[in-house]
Amino acid sequence: MYRILSKETVGPAIREYIVEAPEVARAARPGQFLVIRLHEDGERIPLTIVDTDDATGGITVVVQEVGKTTLEMGDRFGVGDGILDVVGPLGEASEIERFGTVICVGGGVGIAPLFPIARALREAGNRVIGIIGARSQEHLFYEEPMRNACDELHVMTDDGSAGDRGFVSDKLREILESGLSVDRVWAIGPAIMMKVCAETTRPFGVKTIVSINSVMIDGTGMCGGCRVEVAGAAKFACVDGPEFDAHEVNFDLLMSRQALYCEDEACSLERYKMRNPVGEERDQ
Ligand SMILES: Cc1cc2nc3c(=O)[nH]c(=O)nc-3n(C[C@H](O)[C@H](O)[C@H](O)COP(=O)(O)OP(=O)(O)OC[C@H]3O[C@@H](n4cnc5c(N)ncnc54)[C@H](O)[C@@H]3O)c2cc1C
Ligand code: FES
């Protein structure tokens, strides 16, 4: 069992957990992820490692409640409770080097996985420009950690309630069009956001890295569930990624594969809600 050391709500249906997993904490590097299973009957879900603490053996994950398992975690798992399985760190770590000027773009819950990468890039001597975005101010989180991790941070909201109005890709285009020499871009968020960022940087010839959130089951390259097409070849996001060159990813295929189990996921959520009526939520 992996004990939950802390749990905090950081946004609407977004929670940050610190889970005690000292061996994972020691080995983890930015860009890597875990596969967790809450209990014996639970499904396996991948979550990115946002931070680690060698002293407490804690690993931080930020979870957006979008379906049965993430909702169950938010409803039923509090401080002191144990998660049955935590497997990791999985996947290839981010390539952290001194590139020069790097733009880190995060959308929605993608801001959390971007944070350790931005911090590591800055520690490696890069000038890091952050762009984070959400639907509205209410949905924005991790602004302070990102501000500390970056040399310069731009905030975008769809409705203009915080920062500038517009998408993160609008600010990305604005910076590239300003003529600033940019050596690399990282973009993490919903597949459509990463696709638009890839198309934004392509004409400028700036190498762009995305973290692919395909459906994962085993997380070890055995099941084929996370298959993604990169430069015309089949890759497994769990072992070959999750980060890939954005200009080589087939995002349309990724999005259609992400939607493969929509009906089953909706049924599973409905069953969970019927068995667990709302109002029983525990925060701590
Ligand atoms: C490498 C990687 C890192 C991720 N990191 C985070 C993170 O740090 N925080 C976070 O909130 N989410 C993260 N996700 C997405 C997260 O795994 C899914 O939101 C979660 O599995 C949804 O499960 P559910 O039962 O709550 O929802 P469901 O109703 O089962 O699914 C809702 C949506 O989540 C996606 N999804 C469902 N099952 C999986 C699965 N096994 N693998 C991947 N995606 C799935 C699908 O797009 C689906 O439409 C990550 C995904 C990947 C691949
Ligand atoms: S999750 Fe099974 S091969 Fe990647």
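Visitor: Hi! How do β3 and β8 pair?
Guide: Strand β3 (residues 33-37) pairs with β8 in the antiparallel sense, over 4 bridges. Strands here are DSSP runs of E with at least two residues, numbered from the N terminus, and two strands pair if DSSP finds at least two bridges between them. This is a predicted model, where local features need pLDDT of at least 70, side-chain atom pairs count only at pLDDT 80 or more, and totals for chains, interfaces and linings use all residues. Residues are numbered from 1 along each chain as its sequence is written, while chains are lettered from A and ligands numbered from 1 in the order in which they are written.

Visitor: Which residue in β8 is the bridge partner of Ile36?
Guide: That is Val86.

Visitor: And what order do the strands of the sheet come in?
Guide: The order is β4-β3-β8, an open sheet of 3 strands with antiparallel pairing. β4 (44-48) and β8 (85-90) are at the edges with a single partner strand each, so one side of each has no neighbour in the sheet.

Visitor: How far apart are the C-alpha atoms of Val87 and Arg37?
Guide: They are separated by 8.8 Å, although the two residues are 50 apart along the chain.
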